[in-house]
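Open the model in your viewer and switch to a cartoon view. The stops below go strand by strand.

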Amino acid sequence: MNIRPLHDRVVVRRVEDERTSPGGIVIPDSAAEKPMQGEVLAVGNGKVLDNGDQRGLDVKVGDKVLFGKYSGTEVKVEGEEVLVMREDDIMGVIES
């Protein structure tokens, strides 16, 4: 992917959820909600603070993250749909 986010922005690829219910019923795409998990593809250099200092980001490329349902802006880069969001929109990192 050839995109470099600025400042405290992060590029995230949604991770698709299972398309079957616990009972084995297949959920069609039209009824499924967009996933709220993703993988970080790129990060900016950090947030510029009021005093001019730069604070690095807590997330890094490859992290699996949780974000809000309406977080970020969907963009298409090189034919792939990704989300560009501020680090503040990320609720947490999923650790395995």
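This is a predicted model: local features need pLDDT of at least 70, side-chain atom pairs count only at pLDDT 80 or more; totals for chains, interfaces and linings use all residues.

Select residues 9-14 and 37-43: these are strands S1 and S2, paired antiparallel over five bridges. Strands here are DSSP runs (E, at least two residues), numbered from the N terminus. Two strands count as paired if DSSP finds at least two bridges between them.

Residues are numbered from 1 along each chain as its sequence is written, and side-chain values use heavy atoms, with hydrogens and water left out.

Click glutamate 39; its bridge partner in S5 is lysine 64.

Now show the whole sheet. Six strands form an open sheet in the order S6-S7-S1-S2-S5-S8, with antiparallel pairing. From one strand to the next, the twist averages 45° (axes are lines fitted to C-alpha atoms; angles run from 0 to 180 degrees between N-to-C directions).

Go to S6 and select S7 (residues 80-86) with it: five bridges join the two, running antiparallel. Glutamate 74 has leucine 83 in S7 as its bridge partner.

Stop at the loop between S6 and S7 for glutamate 78. Its phi is near 55°, a positive value in a residue other than glycine. Most residues other than glycine have a negative phi. Is glutamate 78 buried or exposed? Glutamate 78 is exposed, at 61% relative accessible area (buried is under 20%, exposed over 50%, partly exposed in between; 1.4 Å probe, protein chains only).

Notes
Helices (H or I, at least four residues) and strands (E, at least two) are DSSP runs, numbered from the N terminus.
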